[in-house]
Amino acid sequence: MVVAENRMVTKATLTGAVSSVKSTDIERSSAVTASGALVGKIAGLNSRQQGGAPGATTALQIRNMGTPLFVIDGVVSDEGQFNNMDFNDIENISILKDASAALYGVRAANGVIVVTTKKGQRNTRNTVSVDAYYGWQKNSKFVDPADVKEYVHAYTTAETFSGRTDGNRRYSREEYDKWMAGATPAYQGWDWGDYIWISAPQYYINTNFSGGTDKANYYVAVSHINQDATIRNYGGFRRTNAQMNIEMNVNEKFKIGASMNGRIEDRRHPGVPGVDDTWLPRFATLKNQPTKRPFANDNPNYPQKVSDQPETNFALLNYNTSGRVSDVWRVIQLNGNAEYEILDGLKAKAMLGYYFGLQELENQEYKFNLYAYDEKTGEYYVTDRMTNPYRERNRDRVEDLTSNIQLNYDKKFGKHAINVVAGFEATKRNRPKMWIHSTPTSDAMDLIRLNEIVEFNDTGKGTEARMGYLARVNYNYADRYLVEFIGRWDGSWKFRPGHRWGFFPSASLGWRLSEENFWKENKIGEIVTNLKIRASYGEVGDDNVSNYSPYDFLPGYTYNNGGAVIDGEWVVGSATRGLPNETLSWLTAKILDIGIDLGFLNNRLNAQVDFFQRKREGLPAQRYDVLIPVEAGFSLPQENLNSDMHRGFDASISWSDNINDFHYSIGANMTYSRFWDWEQYKPRFSNSWHEYRNSIWHRVGYVNWGYEAIGRFESWEQIANYPIDNDRKGNRTVVPGDIMYKDQNGDGVINGYDERPIGYRVDSTPTLNYGINLSASWKGFDLAMDWTGSGMTSWWQRYETARPFQNDGNNPSEVLTDAWHLSDPFDPDSELIPGKYPMLRLPSDETSAYDSSTYWLHNVRYIKLRNLEFGYTLPKSWLTHTGITNVRVYLSATNLLTISNIKSLMDPECASDNGLDYPPMRVINLGVNLKF
């Protein structure tokens, strides 16, 4: 059984492209978010965990189509609500990948993730379960900075190669020898990586109660998770969840239910300049030279300046010196539902949902001083000050009201079965926000006073509203011929009257050949026990249109936009909103899916393959052939003019069997989805090259361009005789170790005309994802593992991970130790030693070695042992008279092993070209499951 379009459906009679995963498939994950638990488990789901900061989420996209719609227990929710559920409270997750999502209308263009929480079972005894673990986490892979000897040797070599003499060097021969010897603390350097990054704990506990009688069932759970940062003394993430579901029969015809999902989500860390408070520690790992120590005279009371950016001294980044941030969300979702059987097969259903979320953000950044030490006087003196303290308070309140009313007719007439649903749904959201920025008089004062306020913003309610009428008809004959029609008439508040409503239909067909007599009577029917062919096509919508804000169809002015001093008084300015946009409406996605489901050997071996294509029409763009004078001060509004497309396939295969007491299962899944720019508004080009280089008409999208690297320059003689102008300067800046580029057009010079497509998209989920899932159990022992991987995604190696001494800082060790360099760091005429990276040179030196090319663009491939768990369940006989019915202990690990073509530098799921993303965590847990 799977949950599709808010109803339970047998896989055998399903006509849409729907994949599902059960609670038992995700509960072995150590992820702190529900998105992390889904990685590698479902065909059709692309994923990428780009960051591993406490509470960080994993990007999920259905077939790479964008952020999907989330529906939790029948209520349309958002990504944040889904991610911060306790996934151990989830019973089933279904992925609507094709036009079956049309039931959700104007927000379903990117697919739908349908979540059903645990509700308890009828006629079962009351059960108390406790799940808990304690674990240790460490960065899976982060840049490994060069140590002080490696850095000083490399910098000295670069200075020599660049022609600096002893009088202009950073490190003289005498200084160089002292650093190499490291005889005194002053010349032993500082390991900033070891100072900033540590191992940190993570722990979790969930207690739930469930059971039921013949007329009622319930499930109640409370859980808490704590994840500390692997940045030293840097706070972390805490979340407490509560889940409650209850259902009961009032009488034989009337059933009611209620559910509650709540959480308190808390993030805390030091108050640090910048938007991303984990950026400075990550940046400081390489920005700070290993020759600089954090404290003047090694006195921990006197932090000193270690770079040209004072705030990169990690000794400042703590609660006492730099301040503190508290970001807390308090959330509750309340649902009530009722079902009444009007006639045999005809039921009326109603659901009312209320969501309340409140964010309380408090941020205070202190003033601080940096010091130096005078060895002659023995005194400390101030060298730098931060004199602009910062105080911030944000209050973000979210209120959602959801109502859903349905009539459901479900009846069988002999071999004919029909299911008809007609319904109405309405949602409303208010989201008022208030934000205050002040300059506190004292770091010790956290209250905000009127005379300290610098800026105050009140955004108002920001009301949103949507409404829809929906219908679905399912028919099957003898569970053999299957038909489904869906339609939804949906409206969105964003657009002007007359453009708010649209109809989104879909249809799907299925034919179960394995139910035909000719199949059953053939010997092949004994081998292929299930064969179903299905196809679907339909239209769904998306009202999240880029470059458009609600009510852009109205004329008027934007208040508080600039201003001027008139007669000595400040007058707040206003700016025109521009031309009203009276034509733009939602995007329309036309989705085709053709699939086949297979079962072999009495369905012990199952497979599923789907081909799909989604074409979006109505992407916003401006006309260029209608001109408005510049003096008018505004431009043409956006219109629904362009289109794009995703095309690909996904597949899954699984085998499950028993051999006496030994049970095992093996499964694999993969998703390939490629993005294409499609039709554009009247493209124009000046020549054939311009069209080749810049056209996106019917082309694969997000392609990276660059030079094709064909080798390395090995000697000065080779450079002198090389016929191609490799650097566009007559090879004046080329040195041995530099990269040779292919002259694609044969004109003798390397320039933009030699660039070609060389790589995939770098900033989103990969084009190809796959997963391998294995499990086995024997008597009381169980073992499970999940492998995940990806391909057809790219990463640019740039900045700190490529160019020596970027930002006058450090580099990963291999960039400085495995580069072309002089054999004698003080002799410019000494032998050149080859290496992986170009010649060690100063950042000020001209060079073409770091031009965008296939040398620096890596087409990333990896496979990870995402989850590994080994458990043992104690024999029942051991638990007699204890009141405990089940005890299981286990050891689990996350991200235990990674095989990748860029593993020497960074985790392959990270994307930043400087290699400084907060890496995903490697976690090892000890846990226990108890049942009473």
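At what angle do helix α4 and helix α5 pack, and how far apart are their axes? Keep in mind that this is a predicted model.

Start with the numbers. Helix α4 covers residues 148–161, and helix α5 covers residues 173–181. They pack at an angle of about 155 degrees. Their axes lie 9 Å apart. Angles over 145 degrees count as roughly antiparallel, so α4 is roughly antiparallel to α5. The crossing of α4 past α5 is left-handed.

Now the side that each helix brings. From α4 come V148, K149, V152, H153 and T156. They meet Y176, W179 and M180 in α5. Sort that contact by class, and you get five nonpolar residues, two polar and one charged.

Next, the cavities. How many are there of 30 Å³ or more? The count comes to ten.

By class, the lining of the largest cavity has 16 polar residues, seven nonpolar and one charged.

How values were computed
Residues are numbered from 1 along each chain as its sequence is written. This is a predicted model: local features need pLDDT of at least 70, side-chain atom pairs count only at pLDDT 80 or more; totals for chains, interfaces and linings use all residues. Side-chain values use heavy atoms; hydrogens and water are left out. Axes are lines fitted to C-alpha atoms, for helices over the stretch in contact, and angles run from 0 to 180 degrees between N-to-C directions. Helices (H or I, at least four residues) and strands (E, at least two) are DSSP runs, numbered from the N terminus. Angles under 35 degrees count as roughly parallel, over 145 as roughly antiparallel, 65 to 115 as roughly perpendicular and the rest as oblique. A crossing is left-handed if the near helix is turned anticlockwise from the far one by less than a right angle, and right-handed if clockwise. Contact means heavy atoms within 4.5 Å. Ala, Val, Leu, Ile, Met, Phe, Trp, Tyr, Cys and Pro count as nonpolar, Asp, Glu, Lys and Arg as charged, and the others, Gly among them, as polar. On a 1 Å grid over the protein atoms alone, a cavity is a set of points where a 1.4 Å probe fits but cannot get out, and a pocket is an open set with protein on both sides within 12 Å along at least five of seven lines; lining residues have an atom within 4 Å of a point. Grid points are joined across faces, edges and corners, and a volume is the space filled by probe spheres set on the points.
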